[in-house]
Amino acid sequence: MTHRAQESDTPAAGRAAPAVDVAFTVNAAPARCAVDPRESLLDVLRERLDLTGAKKGCDHGQCGACTVHVDGRRILACLMPAVQARGAEVTTVEGLAEPDGTPHPVQQAFLEQDALQCGYCTPGQIMSAVACLAEGHAGDDDEIREYMSGNLCRCGAYPHIVAAVRQAARPGGRADA
Ligand code: FES
Ligand code: FES
């Protein structure tokens with residue numbers, strides 16, 4: 001699958017800032033867009049590539065709802081200009097599950113631990129949790145809380161979110177005994 005935005009969709013059309021052609025990989029598929037240099041990666045993902053999993057909560061780097069991975073590292077997509085993603089490998093929550101639909105172990109743990117209420121923060125929480133585990137920062141609940149602290153949840157689902165990360169950190173992602 002190739003993600004390709006139409007030239008006519010570019011917000012740069014009719015504006016002073018010339019569009020910049022950016023090619024990158026999103027969820028293992030090539031993507032190419034002519035972007036406004038001021039356009040965030042979050043807006044390109046959501047509005048140009050129809051990948052609406054990453055959410056726009058604050059648009060100011062304060063809530064974590066827009067968390068995605070760029071070259072394996074978690075970033076806030078609302079703060080990253082899309083032009084900086086040129087040549088990068090971007091992964092969004094849509095790219096976590098197996099091709100047959102089997103959820104990623106972190107997604108499964110969130111389901112089993114009932115780690116969401118409204119769900120708005122959940123894609124960002126899950127992307128941060130995957131990174132937290134990969135970074136080796138899920139040794140205990142305090143460490144999980146610290147390294148997940150950039151992701152806010154207005155519903156207050158934090159105890160369940162910590163439980164989900166704790167579960168995903170166990171071999172086989174098994175739940176508490
Ligand atoms: S939308 Fe990016 S941190 Fe809130
Ligand atoms: S589940 Fe509602 S904001 Fe987190």
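A crossing is left-handed if the near helix is turned anticlockwise from the far one by less than a right angle, and right-handed if clockwise. Helices here are DSSP runs of H or I with at least four residues, numbered from the N terminus. The model is predicted: local features need pLDDT of at least 70, side-chain atom pairs count only at pLDDT 80 or more, and totals for chains, interfaces and linings use all residues. Residues are numbered from 1 along each chain as its sequence is written, chains are lettered from A and ligands numbered from 1 in the order in which they are written, and side-chain values use heavy atoms, leaving out hydrogens and water.

**View 1. Helix α2 crosses helix α3**.
Helix α2 covers residues 105-112 and helix α3 residues 122-134. Their axes come within 9 Å and cross at roughly 125°. Axes are lines fitted to C-alpha atoms, for helices over the stretch in contact, with angles from 0 to 180 degrees between N-to-C directions. That angle makes α2 oblique to α3. Angles under 35 degrees count as roughly parallel, over 145 as roughly antiparallel, 65 to 115 as roughly perpendicular and the rest as oblique. The crossing of α2 and α3 is right-handed. On the α2 side, V106, Q107 and F110 make the contact; on the α3 side, T122, Q125, I126, A129, V130 and L133 do. Contact means heavy atoms within 4.5 Å. Six of these residues are nonpolar, three are polar and none is charged. Ala, Val, Leu, Ile, Met, Phe, Trp, Tyr, Cys and Pro count as nonpolar, Asp, Glu, Lys and Arg as charged, and the others, Gly among them, as polar.

**View 2. Helix α2 also meets helix α5**.
Helix α5 spans residues 158-169. The axes of α2 and α5 come within 8 Å and cross at roughly 135°. The two helices are therefore oblique to each other. Their crossing is right-handed. P105, V106, A109, F110 and E112 of α2 touch I161, A164, V165, Q167 and A168 of α5. The contact of α2 with α5 has eight nonpolar residues, one polar and one charged.

**View 3. Helix α3 packs against helix α5**.
The axes of α3 and α5 come within 10 Å, crossing at roughly 40°. That makes α3 oblique to α5. This crossing, too, is right-handed. Q125, A129 and L133 of α3 meet I161, V165, A168 and A169 of α5. Six residues here are nonpolar, one is polar and none is charged.

**View 4. H137 lies in the loop between α3 and α4**.
Helix α4 covers 141-147. Leaving aside neighbours within four places in sequence, H137 contacts C132, E143, I144 and Y147.

**View 5. R154 sits over the ring of Y120**.
The charged end of R154 is 5.4 Å from the ring centre of Y120. A charge sits over a ring if NZ of Lys or CZ of Arg is within 6 Å of the ring centre and within 35 degrees of the ring normal.
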